[in-house]
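Reader: I would like to learn how to read a few local features of a protein model. Please take them one at a time.

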Amino acid sequence: MVWFRLLGGVEAEDDGTPVELGYPRQRGVLGVLLVEAGRAVTVDRLLERVWGGNPPAKGRDTLYNYLSRLRAALAGSGVGVTRRSGGYRLDVPVDSVDLHRFRTLVDRARQGGDDHRSLELFESASLLWRGDPLPELDTPWAVELRAGLDEEHLAAELDRCDVALRLGRHAGLLPELAARADDHPLRERVAAQLVHALYLDGRQAEALAHYQRIRTRLVDDLGTDPGPALQRLHQRVLAADPALAAGPEPRAATPRPPVPRQLPSTQALFTGRVAELAELDRALAGAGPAGGATASGPVTGVISALGGAGGIGKTWLALAWAHRNADRFPDGQLFVDLRGFSPTGRPVEPADALRGFLAVLGVEQDRVPHDQQAQAALFRSLVAEKRMLVVLDNAATVDQVVPLLPGTASCAVLVTSRSRLHALVARFGARPLHLDVLADAEARAALESALGAERVAADGAAVTELIGLCGGFPLALGLIAARAAAEPHLPLEDSVAELRDLGLAALDHADDPAASIPAVLSWSLRRLTDRHRTAFALLGIAPGPDTGLPAVAALTGLPEGEARAVLRALVDASLLDRTPGGRYAMHDLVRAYAAMNAQALPEPVRRAALDRVVDFYLHTAFAADRLMDPHRELIPPSPPEPGARPLPLPDPDTAMAWLETEHAHLLAAQRTAADSGRHRGVWHLAWVLSAFHQRRGYDHDHQDVWRTALDSAVHLPDPDALIRVHRYLGEADSRLGRHAEAIRQMHRALDLAERHESTVQQAATHFELGWAWGQCADDRKALEHARHALHLYRAIGHPVWEAEALNQVGWFAARVGEFDTAREHCRAALALFRHHEDPAGEAATLDSLGLVDHLSGRHEQAVQHYRQARALFAAQGNTYEVANTLDGLGHPLAALGRFDQARQAWQEALALYREQGRNADVDRVRRQLGDLAAPS
């Protein structure tokens, strides 16, 4: 491996063998590239840094010649000098360069935690420093670079000495500290370390004498006394304070310009955010396993990264916290808006921000280094040991932030960004804090702050709706509140009506883009690729309240790996939230903005995306339906669109769980299909959801999907589709207690089935009419339809359908008192269901046998049958029939005098009926419980 040195002269070594790098100026070219390792340096900048203002007549040719020779010298080492973006870059691991290795070691040492380890790291870093950096060049850039690096080196050496003093290494440090005190006679920290070391070495008198010497120099040369820290150390030495053995305390620097107070004013509408403010307090106090300070203790050097969508209130929170804690930072507060997401689209360069910081810290303009790294080094030196707060607002990238970070633990940093700055967390231990919308109570408090409590209380209903429409989005609340405050004579209902009618357009502010939701959100898109922007827009029209990765892959037409990367980019940009279970969601206002962007996409792109995602839901639901009920009539949908890629579902339990998770999205997919005129897809979604709805007791959803399907079925050439719609609508009405409408729908289905001579549909409709008449308490008519269905199913020759009809005949025969007939038919049905491995049919028939046994006085057998049925229904996730079976179970238990068990069964049934919204069943079971009396 090749190792490069800058600190003491530019050198290279390949596996221990020196590399010949040529003349000093040629080595200087390499030195510039090493300083910027991994980053391109333009030709003009190379010329300026290597020759200053006096390049040779053919400077570019000479530079190219040097670069060519360097390439040849490094050719065998695997290190390349490459042309990039109008400049040249040295492709080399940064830790193979002594300067960058020095910085890495120092940064690790400063993380603290173990003084012995920190000292080892500081000493390793110190060994890398062989002399002046880059002595081959004497240009202004090189001089400024050396000045900045000397400050870095000195700061690291002083940190090393602090650690060594804490570890009791004072005797070995004394010669070094004395020499450094001679070299820096006005540096109070240097003097403090020597005073401290002399005292620890038992030389109290010499320690006091050195304090007097530096005090005299400071008074004579600068006209000032030593700072508080050095004075405090002097008093402790005089008092022979034994606590001095614990090591030096932070030292004040030499006098500086007035303390910077750059924080902008706070936002008047800011309120709430109690949990977030508390989290920032905990970060400052170093709370948790890694910290040890109290809320009133020292600043711990924490970096907090506040993330969230545009307009969510990151800056408001950062400034509110900063102002509340300003007294914790007596050395000042620095603030810069990095404009990472601004209307101009041009983020602030770190070098420009650094120049602003250096100016406020007292550095004269002509003393500010031109090189960014040198500027950053000087900044870190100036704030070292100071207790300062640095607020970096609206950052675009980690690279924009890193040069602005202090190098010591005495400072705290707040960074706000729409991007989730993961590298800031990984590299610097930043504590991420992602902001969500305001809670309703916080939103109401914000409106009271802006409009007054009396006005908010007077329009309570309007305020509640306004909070709901804004969804807790601070910028939206602020915009509406500002308009309402400007028009105090108008009721708040007017603002609510405007927002309700216009939606996102009501939150647009053409005169002030910073107060416009669409404009603010648009700035987040500027840093994204076309693929990301297209995916964002499509997510705005995706069916359902949120989405999962497989659905996004279908929507975008991307492989799952690429879709995941797109989602990650949108999450990092705070345009999308990742929720538990691998789901992704948008705030309603962000989704509205995304949908607005979708309208700008070409219509074929939108249509293809929606077709793919609808097919994904339809075909996965079809597979789930087949797993749940493999004996159900097979009606496959049309082949899926390319890119839809339905999910593979391994078993019925997984199928049921997927349907439950995606239920809202499946309903939305049907509406999406209906809006685009995909009539067969609309019908098929109703069909594949029917068994699931029946098992879960989702009767209203069951009715809704078939009502939607009715509008599509009239456009389909298959008459069976329309027959099934009327039959299932009748079944839904029956389950909802709309018995007259149920009978009407089913007779409509029967008329169509007879007209088209469809025996299967006639049989199925008679079967459903049987249950419908049973709900009307006309068991005789129900039995008549059941027998008709059985006759037709036997003619068709379908054994499972025949078993269903046998069970139905048995049920209604028992209801009319024909117990032998009932038992015979149910047992025949049970044998068929078990032979064909149909657990759903088996459970239904066991439930029927429970009824037969109970009504015929065989209560013990009834209890056994009901319990078997309940277990099978529960195993299938059929909570609808579990409720019915528990209801039935209570009757034979009560007849046997087992009142506690009967009460328990009915209470469980009652809970399920309530959950399913089956009000008539709720009332009936409540009456049963009321009538139940234990024996005296």
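Reader: Where does Glu 487 lie?

Author: Helices (H or I, at least four residues) and strands (E, at least two) are DSSP runs, numbered from the N terminus. Glu 487 lies in the loop between α20 (474–486) and α21 (492–502). This is a predicted model, where local features need pLDDT of at least 70 and side-chain atom pairs count only at pLDDT 80 or more, while totals for chains, interfaces and linings use all residues. Residues are numbered from 1 along each chain as its sequence is written, and side-chain values use heavy atoms, with hydrogens and water left out.

Reader: How should I read phi, and what is phi of Ser 574?

Author: Most residues other than glycine have a negative phi. In Ser 574, phi is positive, near 60°. Ser 574 sits in the loop between α25 (560–572) and β13 (577–579), and at 5% relative accessibility it is buried.

Reader: What is phi of Arg 645?

Author: Phi of Arg 645 is near 50°, also a positive value. Arg 645 is in the loop between α27 (603–628) and α28 (652–661). With a relative accessible area of 40%, Arg 645 is partly exposed.

Reader: How many disulfides are there?

Author: A disulfide is a covalent bond between the sulfur atoms of two cysteines. The rule used is a pair of cysteine sulfur atoms within 2.5 Å, and the count is zero. Cys 411 is buried at 2% relative accessible area, and Cys 826 is buried at 0%.

Notes:
Buried means under 20% relative accessible area, exposed over 50%, partly exposed in between (1.4 Å probe, protein chains only).
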